[in-house]
Amino acid sequence: MSIVLKELRETHSCLKRIQRAKLYQKEEEILVLSIKENNELISIFVKSIETSKSKLNTK
């Protein structure tokens, strides 16, 4: 899961660079939605990792 989280964060950085540099044409809405979805996935994986670590610590 940590690797997935790392990749999601890297993707987020790339998407934000694309947005700042305006490297897209008419697909700005798709880019914004992709960034939003990426953020949601990051949140899910962060919480999953936290939950997993806490369950390991209680055993």
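These are my notebook entries on a predicted model of one protein chain.

**Ground rules.** I number residues from 1 along each chain as its sequence is written, and I use heavy atoms for side-chain values, with hydrogens and water left out. As the model is predicted, local features need pLDDT of at least 70 and side-chain atom pairs count only at pLDDT 80 or more, while totals for chains, interfaces and linings use all residues.

**Entry 1: the fold.** I looked up the helices and strands (DSSP runs, H or I of at least four residues for helices, E of at least two for strands, numbered from the N terminus). The protein chain has 2 helices and 0 strands. Helix H1 covers 2-21, and helix H2 covers residues 28-58.

**Entry 2: the shape.** I checked the span of the C-alpha trace along its principal axes and found about 50 × 15 × 10 Å. Next came the radius of gyration (over C-alpha atoms; the globule rule is 2.2 Å times the number of residues to the power 0.38). The chain has 15 Å, whereas a compact globule of 59 residues would have a value near 10 Å.

**Entry 3: burial and contacts.** I sorted residues by relative accessible area (buried is under 20%, exposed over 50%, partly exposed in between, with a 1.4 Å probe and protein chains only). Buried residues make up 15% of the 59. Then I took contacts (heavy atoms within 4.5 Å) between residues at least 6 apart in sequence; 62% of them join residues at least 24 apart.

**Entry 4: Asn38.** Is Asn38 buried or exposed? Asn38 sits in helix H2 and is buried, at a relative accessible area of 5%. Leaving out residues up to four places away in sequence, I found that Asn38 touches Leu8, Thr11, His12 and Leu15.

**Entry 5: charges.** I counted 12 positive and 8 negative side chains, with the centres of the two sets 8 Å apart. Lys and Arg count as positive, Asp and Glu as negative; His and the chain ends are not counted. Each charge is placed at NZ of Lys, CZ of Arg, CG of Asp or CD of Glu.

**Entry 6: the salt bridge.** I searched for salt bridges (a side-chain nitrogen of Lys or Arg within 4 Å of a carboxyl oxygen of Asp or Glu). The structure holds 1. Glu40 and Lys36 form it, at 3.4 Å from N to O. The two residues are 4 apart in helix H2, so about one helical turn separates them. Glu40 is partly exposed, at 40%.

**Entry 7: Lys22.** Where is Lys22 placed? I found Lys22 in the loop between H1 and H2. Lys22 has a positive phi of about 55°, although it is not a glycine. Lys22 is exposed, with a relative accessible area of 61%.
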